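This report covers selected features of one protein model. The sequence and structure come first, and the description follows.

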Amino acid sequence: KQWYQRRVVITAGVADSEKVNVKSLFGPEREGNISPFLKKLYSQFYDERALFVTELHTSLASIAGGDKKEYHIQDLCKAFEITDPEKSSKDVNKLLAKVFNLNMDQLSTVGPVDKELLLQRLKSSGLVRSGPKGI
C-alpha cells in the first residue's frame, strides 16, 4: 500500500503528455506483432549473450591454447573468472551443471569437452553476464 501511495504522489505532478505510454512499449502492435521496443530489447539481449560467449571463448583459448579441439572444465572456470569476475564460483558451477545436464556434484567427472559442442551448449544455456566486463 505504501508503494502505491508513493507512486500516486510521484505521478500526480506529471502531465499526461510527459508520461511514458508503457502499453505502447510492451504491448503488441495492431497486427499482433511485438512492439519495435520489445524487438530491440530482444535483439540487444541476444547480441549481448552471443558477445559474452565469444568473450568466454577468447579467454578460454588464451588459457588453454587457441588450437585446442577440446577444453577442460577447469579452464572454462578460469575463463569465467576473467570474463565475468562478479560471477561467483557457485554460480559458475550451477551454470556448468546446467550446460552439461549434470548435478553439481558430478562436475568433477566431466572430461575434456569438444570445443564446438561446448560453445553450442554455452550459446543455448541462457548465459548472461553478472557484472561489468573483466580485464
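In this predicted model, asparagine 101 counts as exposed, because its relative accessibility is 71% and the cut-off for exposed is over 50%. Asparagine 101 sits in the loop between H5 and E2. Its backbone is worth a look as well. Most residues other than glycine have a negative phi. Asparagine 101, a residue other than glycine, has a positive phi near 55°.

Aspartate 105 is in the loop between helix H5 (89–100) and strand E2 (113–114). Aspartate 105 has a relative accessible area of 63%, so it is exposed. Asparagine 93 is 12 residues away from aspartate 105 along the chain, and the C-alpha atoms of the two are separated by 9.3 Å.

**The chain as a whole**

The protein chain contains six helices and two strands. Read from the N terminus, the order of elements is α-α-α-β-α-α-β-α. Of the 135 residues in the protein chain, 28% are buried. Among contacts between residues at least 6 apart in sequence, 56% join residues that are at least 24 apart.

**Aromatic pairs**

How many aromatic pairs does a search of the whole structure find? The search finds two. A pair of aromatic rings is described by the distance of the centres and the angle of the planes. The table gives these values.

| Aromatic pair | Centre to centre | Angle between planes | Type |
|---|---|---|---|
| Phenylalanine 45 and tyrosine 46 | 5.2 Å | 75° | edge-to-face |
| Phenylalanine 52 and phenylalanine 80 | 6.3 Å | 70° | edge-to-face |

Planes over 60 degrees apart count as edge-to-face. The planes of phenylalanine 52 and phenylalanine 80 are at 70°, so this pair is edge-to-face. Phenylalanine 52 belongs to helix H3 (residues 36–64) and phenylalanine 80 to helix H4 (residues 73–83), so their pair ties together parts that are 28 residues apart in sequence.

**Phenylalanine 80 and its surroundings**

Phenylalanine 80 is located in helix H4. Which residues does phenylalanine 80 contact, leaving aside its neighbours within four places in sequence? They are Phe52, Leu56, Pro85, Lys87, Val92, Leu95, Leu96 and Leu127. Leucine 60 is 20 residues from phenylalanine 80 in sequence, and their C-alpha atoms are 8.6 Å apart in space.

**Helix H4 against H3**

Two packed helices are described by the angle between their axes and the distance between the axes. The axes of H3 and H4 cross at roughly 120° and come within 8 Å. This angle makes H3 oblique to H4. Their crossing is right-handed.

On the H3 side, the contact involves Phe52, Glu55, Leu56, Ser59, Leu60, Ile63 and Ala64. These residues meet Asp75, Leu76, Lys78, Ala79, Phe80, Ile82 and Thr83 of H4. Sorted by class, the contact of H3 with H4 has nine nonpolar, two polar and three charged residues.

**Helix H4 against H5**

H4 also packs with H5, at an angle of about 130° and with the axes 11 Å apart. H4 and H5 are therefore oblique to each other. The crossing of H4 and H5 is right-handed.

H4 contributes Ile73, Leu76, Cys77 and Phe80 to this contact, while H5 contributes Val92, Asn93, Leu95, Leu96 and Phe100. The residues in the contact of H4 with H5 divide into eight nonpolar, one polar and no charged.

Phe80 is listed among the H4 residues that meet H3, and Phe80 is also listed in the contact with H5.

Technical notes: Residues are numbered from 1 along each chain as its sequence is written. This is a predicted model: local features need pLDDT of at least 70, side-chain atom pairs count only at pLDDT 80 or more; totals for chains, interfaces and linings use all residues. Side-chain values use heavy atoms; hydrogens and water are left out. Helices (H or I, at least four residues) and strands (E, at least two) are DSSP runs, numbered from the N terminus. Buried means under 20% relative accessible area, exposed over 50%, partly exposed in between (1.4 Å probe, protein chains only). Rings of Phe, Tyr and Trp (its six-membered ring) pair if their centres lie within 6.5 Å; planes under 30 degrees apart count as stacked, over 60 as edge-to-face and the rest as tilted. Axes are lines fitted to C-alpha atoms, for helices over the stretch in contact, and angles run from 0 to 180 degrees between N-to-C directions. Angles under 35 degrees count as roughly parallel, over 145 as roughly antiparallel, 65 to 115 as roughly perpendicular and the rest as oblique. A crossing is left-handed if the near helix is turned anticlockwise from the far one by less than a right angle, and right-handed if clockwise. Contact means heavy atoms within 4.5 Å. Ala, Val, Leu, Ile, Met, Phe, Trp, Tyr, Cys and Pro count as nonpolar, Asp, Glu, Lys and Arg as charged, and the others, Gly among them, as polar.
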